[in-house]
Amino acid sequence: MDNLGNTTGTRPPEFDRQERERSMQVVTAGSLVEALGGVAAVVLSVLGLAGIARQTMIAVAIIAIGAALLFAGGALASRYTQFASRVSGQRVDEVEFGGGVGVEFLVGAAGVVMGVLILLGIEPLTLSAVSVVAFGGGLLLSTGATSAVNQLGEAFPYDRRVRMARDAVQGAAGVQALVGIGAAILGILALLGIQPYTLLLVALLGLGGGILIAASAVSGRMLVGMRGFR
């Protein structure tokens, strides 16, 4: 009986190391997909600002950003247990991390749906503005989840590359928060009818850039962390 309790209560270090490395691989894949969504949103927003099919570009950019957040949130959620055990008692606690992941996932899913509705011509300006406001709020609330990736990889914490990668993630989280606030403000102004197309495209451009920066920092942090296991 005692042996059974010891077997289930503790795990060998090798198993924990493999679980951590697997979590890093999953998060890296999700971040790369998120970065592609950010790039697509930036390109589409620039084309829209150039006057090329603005409504269509807005709709497709919203779908791209929604899909990016959906994949990133799904990747973090799939390894929730591993992350929760790492962030417990840290500056980013489990509640903040779980809430950030949930918001990112739900906002992404909602964005994809609203983007499709916009393509179908259903209240395009209103849904576009609501999507931008939702994305802004989602990015702001998910900064905790972005910061939490620093707690996953602890191999060689005093290595210069690891320190730089950690700092990049913290900086990206700050950029993500600022972009989220700015996008929410621009979305509200667009809802009020103030140059809606221009403000929406600028907001989507900023969102795409913010997502690209955050995703690049996260994937870079995970890649540096995985080198410690080789």
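Visitor: In which helix is S31 found?
Guide: This is a predicted model, in which local features need pLDDT of at least 70, side-chain atom pairs count only at pLDDT 80 or more, and totals for chains, interfaces and linings use all residues. Residues are numbered from 1 along each chain as its sequence is written, while side-chain values use heavy atoms, with hydrogens and water left out. With helices (H or I, at least four residues) and strands (E, at least two) taken as DSSP runs numbered from the N terminus, S31 is found in helix α2.

Visitor: Leaving aside neighbours within four places in sequence, which residues is S31 in contact with?
Guide: S31 has a relative accessible area of 4%, and buried means under 20%, exposed over 50% and partly exposed in between (1.4 Å probe, protein chains only), so S31 counts as buried. Taking contact as heavy atoms within 4.5 Å, and leaving aside neighbours within four places in sequence, S31 is in contact with A215, V218 and S219.

Visitor: How far apart are the end C-alpha atoms of α6?
Guide: The expected span of a helix is 1.5 Å times one less than its number of residues, so the 18 residues of α6 should span 26 Å.

Visitor: How far apart in space are I118 and I62, C-alpha to C-alpha?
Guide: I118 is found in helix α5 and, at 1% relative accessibility, counts as buried. Its contacts, not counting residues up to four places away in sequence, are Q55, A59, I62, P124, L127 and S128. I118 and I62 are 56 residues apart in sequence, and their C-alpha to C-alpha distance is 9.3 Å.

Visitor: Which backbone oxygen does the side chain of T143 reach?
Guide: T143 lies in helix α7 (residues 143–148) and is buried, with a relative accessible area of 16%. Beyond residues up to four places away in sequence, T143 touches A173, Q176 and A177. At 3.1 Å, its side chain reaches the backbone oxygen of L140.

Visitor: What is the phi of E123 near?
Guide: Most residues other than glycine have a negative phi. E123, which lies in the loop between α5 and α6 and counts as exposed at 53% relative accessibility, has a positive value. Its phi is near 40°.

Visitor: In which loop does Q195 lie?
Guide: Q195 also has a positive phi, near 40°, and is exposed, with a relative accessible area of 56%. The loop in which Q195 lies is the one between α8 and α9.

Methods: A polar contact is a pair of N or O atoms within 3.5 Å; within protein, one must be able to donate a hydrogen and the other to accept it, and residues adjacent in sequence count only if both atoms are side-chain atoms.
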